[in-house]
Amino acid sequence: MSATANETVKTTEIGLVLQGGGALGAYEYGGIIGLLDLIDEEMSKGHAVTLKVVTGVSIGAINAACVVGARDRADSRKRLTALWDDLISPRHRSCRRRSAATCRCSACSISTACVPTCC
């Protein structure tokens, strides 16, 4: 059903609260990217979705700053990816997106594919 002049469009508002803890920040990064993708998908269907509040502690605050300080969702993705590319150790940069068999880190050895943020 499309909104007419007399109908109000309902906006879904999302509050995102992020914890601290280095490794958790890497998981949050993936979760935020997924959330931004879902928002894009819903917006393409005509649904109004907005990140109303984004906050965090420690690494969660750094992830949150990448989202809040961005011009749009694409810029949020770019900032988060740049941050996490810088934080991943050089030893693991070479194994990103390889098979678990060729990666020597413990996170990848229990997975079927190399984990993007395996360190």
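Modeller: The account below takes the salt bridges pair by pair. The model is a predicted one, and it holds eight salt bridges. One of them is formed by Arg 77 and Asp 37, whose closest N and O atoms are 3.1 Å apart. Arg 77 belongs to helix H3 (residues 73-87) and Asp 37 to helix H1 (residues 22-44), so this pair ties together parts that are 40 residues apart in sequence. The two partners can also be described by their accessibility. Arg 77 has a relative accessible area of 17% and is therefore buried, the cut-off for that class being under 20%. Asp 37, at 39% relative accessibility, counts as partly exposed.

Asp 75 is buried at 7% relative accessibility, while Arg 79 is partly exposed at 34%. Shared partners also join salt bridges into one network, which is made up of Asp 37, Asp 40, Arg 73 and Arg 77.

Another pair is Glu 42 and Lys 45, with 3.5 Å between the closest N and O atoms. Here Glu 42 counts as partly exposed, with 25% relative accessibility. Lys 45 has a relative accessible area of 51% and is exposed, since that class begins over 50%.

Methods. Residues are numbered from 1 along each chain as its sequence is written. This is a predicted model: local features need pLDDT of at least 70, side-chain atom pairs count only at pLDDT 80 or more; totals for chains, interfaces and linings use all residues. Side-chain values use heavy atoms; hydrogens and water are left out. A salt bridge is a side-chain nitrogen of Lys or Arg within 4 Å of a carboxyl oxygen of Asp or Glu. Helices (H or I, at least four residues) and strands (E, at least two) are DSSP runs, numbered from the N terminus. Buried means under 20% relative accessible area, exposed over 50%, partly exposed in between (1.4 Å probe, protein chains only).
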